[in-house]
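Here are some notes for a colleague opening this structure for the first time. They are set out as numbered points, to be read with the sequence and the coordinates at hand.

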Amino acid sequence: EAQDLSPEVLEQVRLISNLETDTEKLIQIVLMGQSELRDLLARHELRQLAQRVTARYHLAPLSLPEVQAYIRHRLQVADGEGKVGFDHDALVAVHRQSGGVPRLVNLICDRSLLAGYVHNTRRITAGMVREAAKEVAGDQPRGAKRWHHGLVAAGLTLLLAVLAFWLLPRRAQAPEIETLPAPTALPSPTPTPPPPRSARLDELVRTLSRETSFASAAARVQASWGRTPLARAFLRTQLEQLRAFDLPAALELAHPSRRDTCFAALLRLDERAAVVSIGGEPEIEVPLAQLDGLWTQEAVVWWPEASAAGQDAAQILSGLGFAEADLSTAVASFQQQASLVADGQLGPRTRMALFARSAEERPRLSRSEARP
């Protein structure tokens with residue numbers, strides 16, 4: 001917001017920029033602001049500061065391909081990739097309604113996602129985008145606020161439901177039978193504590209090279225499949241989705257003390273801990289909090305090539321109760337149930353989710369033994 005600086009402050013900035021030695025400047029100053037900053041620097045009393053600006057760049061409105069790439073990037077950073085998506089017409093509508101201005105793109109997409117939540121869909125349509133744009137502009141008819149009111153109502157209903165659950169007396173939650181004695185309270189099972197933090201894993205993540213660790217992690221995962229020909233996919237995901245895929249994977253790990261990353265093979269996973277293999281070392285059981293703290297959320301997953309090609313997709317879908325004459329319709333129905341973007345396409349995540357529900361013998365994260 002440099003356009004809001006006063007001429008007196010900008011003059012002080014100019015004086016600071018004079019700090020230099022015979023060979024180099026001692027400080028570099030970057031001014032970032034709105035379009036008014038150009039008008040401010042063009043003022044006569046600030047001409048000496050303007051003459052010291054060595055590089056200028058004005059961010060023009062984004063093109064349609066840039067808006068599409070920008071939205072995909074923001075969804076990926078927010079861990080929304082594979083969970084929610086804008087269809088093609090919706091992306092075109094975002095570009096048209098925002099004029100390619102990034103700030104408006106953010107606002108319209110934010111409101112569009114709220115509309116998707118209210119309509120209980122993970123697929124954002126052009127109609128939702130247009131309604132969102134009207135609300136952002138503050139120029140919508142009375143009916144255009146219906147989905148927003150629906151959001152408020154949904155939030156209030158959820159709040160009231162939670163309050164009712166916690167505030168009502170227990171006898172209101174379940175009928176009490178006066179003639180029966182109170183049941184004997186059973187002791188709650190003691191949860192198994194997670195293993196202690198592994199200093200060995202921290203040490204290996206700090207010291208192993210990226211190339212060596214990836215080769216050993218890939219070899220360890222592939223070895224669990226035996227001689228099965230495998231395909232692989234690079235995913236940005238989270239532990240819950242890996243748990244749903246139920247497939248061993250190579251996880252990219254990072255440590256604050258190093259600039260690059262390394263990899264570990266994720267072999268088993270339960271509610272409290274994970275078992276990993278890194279750098280050819282013996283398997284290490286680590287608490288989920290430690291693993292999640294080191295993981296960059298980038299993963300490589302392997303699964304059989306035949307399943308990757310989608311050759312048995314229709315048969316698997318039919319066996320799961322998604323028998324449709326049109327394959328894309330069946331795929332979309334399955335995706336919606338599996339909390340994936342319901343685009344009807346057999347992408348890597350969808351194929352892995354289908355394979356995870358098949359009855360084939362295979363290595364799994366959820367059991368201690370790989371396939372024989």
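**Notes on salt bridges, a sheet and a helix**

1. Arg14 has a relative accessibility of 10% and so counts as buried. This is a predicted model, and the values below are computed from it. The partner of Arg14 in a salt bridge is Glu11, and the closest N and O atoms are 2.5 Å apart. Glu11, at 25% relative accessibility, counts as partly exposed. Both residues belong to helix 1, where a spacing of three residues puts about one helical turn between Arg14 and Glu11.

2. How many salt bridges does a search of the whole structure find? The search gives 17. One of them joins the side chains of Glu1 and Arg103, at 3.9 Å from N to O. This pair links distant parts of the chain: Glu1 is in the segment before helix 1 (7–16), Arg103 is in helix 6 (residues 102–118), and the two are 102 residues apart. Glu1 is exposed, with a relative accessible area of 54%. Arg103 also counts as exposed, at 52% relative accessibility.

3. Another salt bridge is formed by the side chains of Arg364 and Asp246, at 3.3 Å from N to O. Arg364 sits in the segment after helix 17, while Asp246 sits in the loop between helix 12 (239–245) and strand 4, so this pair ties together parts that are 118 residues apart in sequence. Asp246 has a relative accessible area of 9% and is buried, since the cut-off for that class is under 20%.

4. Six strands make up an open sheet with antiparallel pairing, and their order is 3-8-4-5-6-7. At the edges are strand 3 (230–236) and strand 7 (284–287), each of which pairs on one side only. From one strand to the next, the twist averages 35°.

5. Which helix packs on the sheet? Helix 10 (residues 199–207) does, and it touches strand 4 (249–254), strand 5 (261–269), strand 6 (273–277) and strand 7. The direction of helix 10 makes about 100° with that of strand 7.

6. Leu230 has Pro304 of strand 8 as its bridge partner.

7. Is helix 17 largely enclosed or open? Eight of its nine residues are buried, so helix 17 is largely enclosed by the rest of the structure. The buried residues are Arg349, Thr350, Arg351, Met352, Ala353, Leu354, Phe355 and Ala356.

8. Arg349 deserves a separate look. This residue lies in helix 17 (residues 348–356) and is buried, with a relative accessible area of 11%. What is Arg349 in contact with, leaving aside its neighbours within four places in sequence? The contacts are Glu81, Gly82, Leu235, Arg236, Thr237, Gln241, Phe245 and Leu340.

Technical notes: Residues numbered from 1 in each chain as written. Predicted model: local features only at pLDDT ≥ 70, side-chain atom pairs only at ≥ 80, totals over all residues. Heavy atoms only, no water. Pairing = 2+ DSSP bridges. Helix = DSSP H or I, 4+ residues; strand = E, 2+ residues; numbered from the N terminus. Axes fitted to C-alpha atoms, helices over the stretch in contact; angles between N-to-C directions. Contact = heavy atoms within 4.5 Å. Buried < 20%, exposed > 50% of the residue type's maximum accessible area, 1.4 Å probe, protein only. Salt bridge = Lys/Arg side-chain N within 4 Å of Asp/Glu carboxyl O.
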